[in-house]
Structure formats: C-alpha cells, structure tokens
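Work through the exercises below with the sequence and the structure side by side, and try each task before reading its solution.

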Amino acid sequence: MSLETWLAFLGASALLVMLPGPTILTVISYSITHGKRARLPLVLAVALGDSTALALSLLGLGALLSASAFWFTVVKTVGGLYLLYLGFKLLRAGVSPATLPQAGEAGSRWKLFANTYLVTALNPKGIIFFVAFLPQFINPTGDVSRQLWTLSATFVACAGINATLYALFAGSARRLLASPRAQRGFNLGGGALLSAAGIWALLARRA
C-alpha cells in the first residue's frame, strides 16, 4: 500500500479507538478502583485482546481477498454498508452518560488482565467491524496478507496507546464521559467518521 493509504488508516484508527466502548469503560473502571497497579495488565490485555480479535477476523479473509476480485468487491461493499449502518446508529444516538461496569471484584493483576482481555477479544461486534474496516485500505494488486498484518499491527499499537492514556487519566475520563456535551460529541464525531468511511468504500468500489 502507499504511504498515504497507511497514514489515512493510522488517522482513522487513532480516532476510532478513542470512541468509548466496552473495553475503554472497563479500563477506566479498573484504573479508578485499583490505581496504578492496574495500568500495565490493562494495557497488555487490550493489546492482546485486539490482536486476538484481529486474528479471528483475518482467518480466511486474506485468502478470500487474494483469490478473487469479485469477492474482494463483495467484502468491500458489504463492509462499506456496515460502516454506514454503524455511523447512522451513532448519529441517531441520544445523549446518554456512559455507565462504567462494576470492577471491584477483580483483585489480582491476573484477574484484571483476564477480565479486560475477555471483554476485548470476545466482542463479536469488534470482530465483525474489523472484517468490514480493514479491506477498505487494501490494495488488491499487492501482497494482501502482508497489508492486512501491517494494518493490524498499526491498529493494535493505536489501541495500546489509547488504553494507556485512558488508564493514566481515568478520573478525568470518567468525568468527561459523564458529560452530555462530550457524549454528543463522541456520537456525532464517531458517526460522521464511520459514515464517511462507508461512503468512501462504496465510491471506491464503483471507480
């Protein structure tokens, strides 16, 4: 892929991982209740969890996209429509303060790691999202497998950095997520980003 395509993916990934979801809410909750000792296991759990979800998404996807231009177009089209659907849902979402999960029962670092890893890795919506998102940045004439793994490594790095920042500033993040204005901004910004990605994918297919 070109440097411009990779930079576009880097920017999109950096913005997407900032959107509060189950993983981020778990990181904030554990960071507040368990303090500094929770930071390292939480960051490692997010990185490994996203790596697992990506690996599950990529099983067979690289071979499918490499084998047929038709299936490449099908995956990009379905993925574009799915991104549009996610964007539309966020744009229509009301302002509802994020609810942090109860995290007091996890005592050891191992339990903190395991709980956060399971939340991240076994989220079926995340796996489906990766299948829809990654092919939009793939050049089908190049080494598809290499491109997929490059994009995956980039996304995991963004997710790890993002989790670190949320863990470091958990108290401020909790207050931010409770703000209706911030919640509206997350919904509008995320919805616009996902919708733009979906439209871009459909237009690129027609070209």
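**Exercise 1.** Find the element that holds Asn162, and decide whether Asn162 is buried or exposed.

Solution. Begin with the place of the residue in this predicted model: Asn162 sits in helix α8. Next, take its relative accessibility, which is 8%, and compare it with the cut-off, since a residue is called buried when its relative accessible area is under 20%. Asn162 therefore counts as buried.

**Exercise 2.** Describe the largest nonpolar core, and say which element gives the most to it.

Solution. The largest nonpolar core has 42 residues, and those that touch the most other members are Phe9, Ile28, Phe129, Phe133, Leu134 and Tyr166. The elements that each give two or more residues to this core include α1 (3–18), α2 (22–34), α3 (39–58) and α10 (180–206). The greatest share comes from α8, with 10 residues. As background, nonpolar side chains tend to be buried together in soluble globular proteins.

**Exercise 3.** Compare the reach of α3 with the span expected for it, and list its buried residues.

Solution. Helix α3 has 20 residues, and from its first C-alpha to its last it reaches 29 Å, which is close to the 28 Å expected at 1.5 Å a residue. Its buried residues are Pro41, Leu42, Val43, Ala45, Val46, Gly49, Asp50, Thr52, Ala53, Leu54, Ser57 and Leu58. When you look at their spacing, recall that an α-helix has 3.6 residues a turn, so residues three or four places apart point the same way.

**Exercise 4.** Locate Ser108, and work out how far it is from His34 in sequence and in space.

Solution. Ser108 lies in the loop that runs between α5 (69–92) and α6 (109–121). With a relative accessible area of 33%, Ser108 is partly exposed, because that class covers values between 20% and 50%. Although Ser108 and His34 are 74 residues apart in sequence, their C-alpha atoms are 9.5 Å apart in space. To place this pair in the whole protein, consider the contacts with a separation of 6 or more, of which 87% join residues 24 or more positions apart.

Key:
Residues numbered from 1 in each chain as written. Predicted model: local features only at pLDDT ≥ 70, side-chain atom pairs only at ≥ 80, totals over all residues. Heavy atoms only, no water. Helix = DSSP H or I, 4+ residues; strand = E, 2+ residues; numbered from the N terminus. Buried < 20%, exposed > 50% of the residue type's maximum accessible area, 1.4 Å probe, protein only. Contact = heavy atoms within 4.5 Å. Core = buried A, V, L, I, M, F, W, Y, C linked by side-chain atoms within 4.5 Å. Expected span 1.5 Å × (residues − 1).
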